[in-house]
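Have it open while you read.

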Amino acid sequence: MMTEGTYPCGFGGVSVWCDQLIRGMPGYDFHLVAIVATEAEQVVWTLPGNVTSVERVLLWGAPPPGPAAGRRPGLPLRLLRQLIDVLLDSPWRAQPLFADTLRELFDYAQHGNLSTGLASEKAVRLLSDAWRARWQDPVQPAPTLHDAVTALQLLDHSLRPLSHRPVPADVGHAVTNGLGVLPALAAKWQHGVPMLVTEHGVYLREQYLQHRKGPYRWPVKAFHLGFMRRLCALGYSEAETITPGNVYNRRWEERLGAAPRRIRTVYNGVDPANFPALDGEPEAPTISWVGRVDPIKDLETLLRAFALVSRELPGARLRLFGVPPKGRESYLQRCRALAADLGITAVATFEGRVENIRDAYDAGSIFVLSSVSEGFPYSLIEAMTCGRTCVATDVGGVTEAVGDTGLVVPPRSPARMAEACLTLLRDDGLRHRLGAAARARALENFTVDSAISTFDEIYSFLGSGRPLLIPAPPADEQPGDLLPGSAAG
Amino acid sequence: MIARALPASQDRPPGLGAYAAGPPVLAPAAAPAAPAEGEAPRDIDELCQAFAGVCESAVDPLEIASALEFDGLNDQAARTRYGVCDVFVLAEEMYRRVPRRPPEPEPAPDPWQVSKTGPALHGLLYGLPAICFPAATGLLTGHAALSVLVVALPASWAVSQGLAYLGYARLGRADRAQAALLLLAGMTAGVAAVALVLAVAAVAVRADPSAFFFGLGVAAYMLGATVLLVLAAERLLLIVLAPGVLGSAAFLALGRPAHLDHAAWAALAATPLLALGLAAARAGREAGLPRRRGGHAQPGLGARRLLTGAELRSALPSAGFGLVAAGLLVFPVAIGLPGPHGARTGTVIASLPLALSMGAAEWLLFWFRRRTQGLLRATRELRAFAFRARLTLLGALLQYLAAAALLTAAALAAATEARLIHPHWTDLPQSAAYLALGGAMFLALLLQAFGSRTFPLIACTVALGFEVAWRGLGAGGQLVACTELLVVLAGYAALVLGRATWHAC
């Protein structure tokens, strides 16, 4: 299993998922390849017994030691030139050659020092010459030597995983696209290990968003994103099976060339034992929310929506559970100020951290998710498992999770959200029916056990070398239709 | 009921729900300060305007698609609002409509920005201890004492350079507590090691115990000061220096009266003790060590792999450089070059102006890096960069030599005025030799800052070897050795620092 920046050296949703999966499959032995930024990221999880070994691949440490300096063959000029051309040419034309180039780089990195080659004056000269030859647009900022050096450094660090010796296994399971597939590709090339790529978010989309904040000039950004785009496309095309965490994400996968018949959506699951059905409801009609207090969760829309609800239903309450991430507390201040402006401070309360997350669902008559961006949110399926009816924004995999057991509204629309909340708060019968339907839907589709049995099936198919039979998706791409439960409403 | 309220229909988004509900329950206008839904851009041109920043700096349509989705716009909205089949097609259309005009990113904070007072303070800190030596020379007697000192300086330089390297390396990994712990343990071990070496040397040359203690004091001060400097606690270092420097100055000003010998020793002893005490306190606090009564906690023992063998090996070139650099500085003094006229002129130059000039060297190092970083951002061709970088290097070296020459002249004038020395024109070769040595040290410092440690070490070792071999030739030998060293280091620096890849950071 290959990870990047998550299990077993970091915490977060993806790490929880990996831990659940490995513990749930005691019949398989796991060799973990964890791509981490620096030496400082050590293993922080207690590893289950079926993890036989952990190899950390450092992106930013010193380059891995190779053979003695004098005996290393230099990185061939031809390969360097080919790499640069492939990254600067249009993606459609370059994609087939990219695969060959990366494979040659891997072969070279197994006995030579790739870092030295990419940090050489030769490489800088090739890149700046290639840029000069292609840069015709006078409006765009011309690349400087600093850009060339920086771009090659980024590339060098991104390619570090190629210098590690791949381990033979029955299946190479990359729990991300992008850099995480490099060790999986290496294992495939070296030992013929079939490749499985799981994506919770969309790796490439996150790279684009990351670079929007990033410090790099346009030529460096274009160069690095060009590499990531080609790498992700290669990850999709080389994988025997791709398992996105929701159907919405497969749009990106297909866009980048993944064959639809290789894609199989596997939803996150929760353990129903941790989220038994809640008895009763709070006395006052209450909306609860839980999550990280962060702009991506768009609490402002929720507060505005609640102000509208409060005018119609004066007894209604809003309870928000969660804390802002460290160092970004200003958003919480902004939300508090907005609540004061809206005159709802007495009825809308920020409750801070909650010990048992189930208490957050218990606190509300309904659960609301107001995010502008999500993958397949755990909070939603947890609330559903508890039997709470949800109002959620139509982002990422939300519609697939909710199906017809709750109300889905467009993001950033306080009026629509308020309208949906009022519908549910006013109609006890509808609310209770939908709550029960939500629990039934979650228990059928979104449990850890169902996720694990799906992977068990995929592993055994891939491991035996048999082709995996994935039912062809319906011609209609409506995501909700792929779910067995969605027609049952 | 559900079936009626939530009809499954192909032209509705999956998930149904509130999209479907009847007439609006609430007038959007009723929302205080709420953005009306009508504010969402109605056509693609308006959308392009709203996302102008994204579109102008996008590297391809997928970047725009990412930003649109992140903003909550999905395929459904692309269809209903903008009449295109999905977000990707919408993004492609926007990419076509808005020309690329990426803005320059915010200039990153300049890591080579340096305050004017910082390096000057450092120069002062390096130079101030020099005042202690003339005060102590009256107290130390015999050739044996000098021998002990000749052992003490290189030994403590070696340990302190190695320790500083390890400390900075740890700080570079953003591991301040571990760095502080390592510095504390290194200081303790280093003082013990130098004490052992000094004891052996003192017994071998039958030196007076006072010489041993003076040497030990030098080592303790050096290591304590290293810890404080690495932890950026220069002000504490000023406190450390106060008793020794002020005491020595007063002692010298009074003409070294014999009845004040004990007071002078006490003042001199206070500085290394303070150095160790404050360094230990500061490092201990930063390492988060629990305070213990008596204060002499033994850090490092039992800590999780405080130092690996590979790290220790990586510090060796730095330690070796400290050893050789101190050798180059004190060897000519130790053998009493150049002759009866100016035996102590060299001592004065070696101890004071060269130390002060290291402040200038530090400032010029930052100056050079700032300049070359600017060049790298302004140049598109490797050859042009190499030429300009080498010119900048020459400029930095000349500035350093001018500063060192000025400081030397000033120090010699002051020492002559105080009748400490009686310079003669025959001192010129040695003065020039020390100036060349200063220039070589500046270049070595510069190369080390760029990660090149082996070449300066080898060059300095060879130069020291020449000095030892040519000791019969007097100052002439020293001049030739130091000038050669300067030329070799300058040539090497010009070669490697003209390469763009060396300036990557």
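**Around one strand of chain A**

1. Let's start with a pairing: Ala174(A) stands opposite Val197(A) in β5(A). Strand β4 (residues 172-174) of chain A runs parallel to β5(A), paired over 3 bridges; pairing takes at least two DSSP bridges. Helices here are DSSP runs (H or I, at least four residues), strands likewise (E, at least two), numbered from the N terminus.

2. A caveat: this is a predicted model, with local features needing pLDDT of at least 70 and side-chain atom pairs pLDDT 80 or more, while totals for chains, interfaces and linings use all residues. Residues are numbered from 1 along each chain as its sequence is written, chains are lettered from A and ligands numbered from 1 in the order in which they are written, and side-chain values use heavy atoms, leaving out hydrogens and water.

3. On its other pairing, β5(A) joins strand β6 (residues 241-244) of chain A, parallel again, over 4 bridges. Leu196(A) sits opposite Thr241(A) in β6(A).

4. Is β5(A) buried or exposed? 5 of the 5 residues of the strand (residues 195-199) are buried, so the rest of the structure largely encloses it; buried means under 20% relative accessible area (1.4 Å probe, protein chains only). Met195(A), Val197(A) and Glu199(A) point one way, Leu196(A) and Thr198(A) the other.

5. β4(A), helix α7 (residues 181-191) of chain A and β5(A) form a right-handed β-α-β unit: with the strands pointing away from the viewer, the path from the first strand over the helix to the second runs clockwise.

Definitions and conventions: Buried < 20%, exposed > 50% of the residue type's maximum accessible area, 1.4 Å probe, protein only.
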